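Please open the model in your viewer and keep the sequence at hand.

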Amino acid sequence: MDEGRGSAMAVVAVLCLLVVALQCEVAQAATYVVGGGSGWTFNTSGWVQGKKFKAGDVLVFNYQKGAHNVVVVNKAGYDGCSTTPRNAKVYTSGKDQIRLVKGLNNFICSLPGHCVAGMKIQISVA
């Protein structure tokens, strides 16, 4: 009987350790509001300076719905202010939340003239 109780306690201990490990993983993700109090607007490209982003961090793009959008693009889309690739994900809610992935994360506003006026950011995640 004591042997069974000991096995059950070991299983409970392992489960508790797994829960703690998962909580630590989740707790390490940070949330950033793009542009700070100004939100997603013109000339936000400098906003990334001095920040250390990690895979899993969340960017929040706040803007007036209909006035802007957020498009996840590749490097060519970022450099050329175009929605490249053609199936690029477009966000339009005004309160968009996007999780960063490892590698380059490129975002632009695709409304005419907005990207070339500075509504784009590029974040490199190691």
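Begin with Cys 109: its sulfur is 8.1 Å from the closest cysteine sulfur, which belongs to Cys 115, and this is too far for a bond. A disulfide requires two cysteine sulfur atoms within 2.5 Å. Cys 109 is also buried, with a relative accessible area of 1%. Please bear in mind throughout that this is a predicted model.

Next, select Cys 115 together with Cys 81. Which bond joins these two residues? A disulfide links them, with an S to S distance of 2.1 Å, and the structure holds one disulfide. Cys 81 is found in the loop between α2 (75-80) and β4 (90-91), while Cys 115 is found in the loop between β6 (103-108) and β7 (120-125), so the pair ties together parts that are 34 residues apart in sequence. Viewed along the S-S bond, the torsion is about -70 degrees, and the disulfide is therefore left-handed.

Now display the surface around the pair. Is Cys 115 buried or exposed? Cys 115 is buried, with a relative accessible area of 4%, whereas Cys 81 is partly exposed at 23%.

Move on to strand β2, residues 58-62. Four of the five residues in β2 are buried.

Finally, centre the view on Leu 59 in β2. Leu 59 is the bridge partner of Tyr 32, and Leu 59 also stands opposite Ile 98 in β5.

Terms used:
Residues numbered from 1 in each chain as written. Predicted model: local features only at pLDDT ≥ 70, side-chain atom pairs only at ≥ 80, totals over all residues. Heavy atoms only, no water. Buried < 20%, exposed > 50% of the residue type's maximum accessible area, 1.4 Å probe, protein only. Helix = DSSP H or I, 4+ residues; strand = E, 2+ residues; numbered from the N terminus. Pairing = 2+ DSSP bridges.
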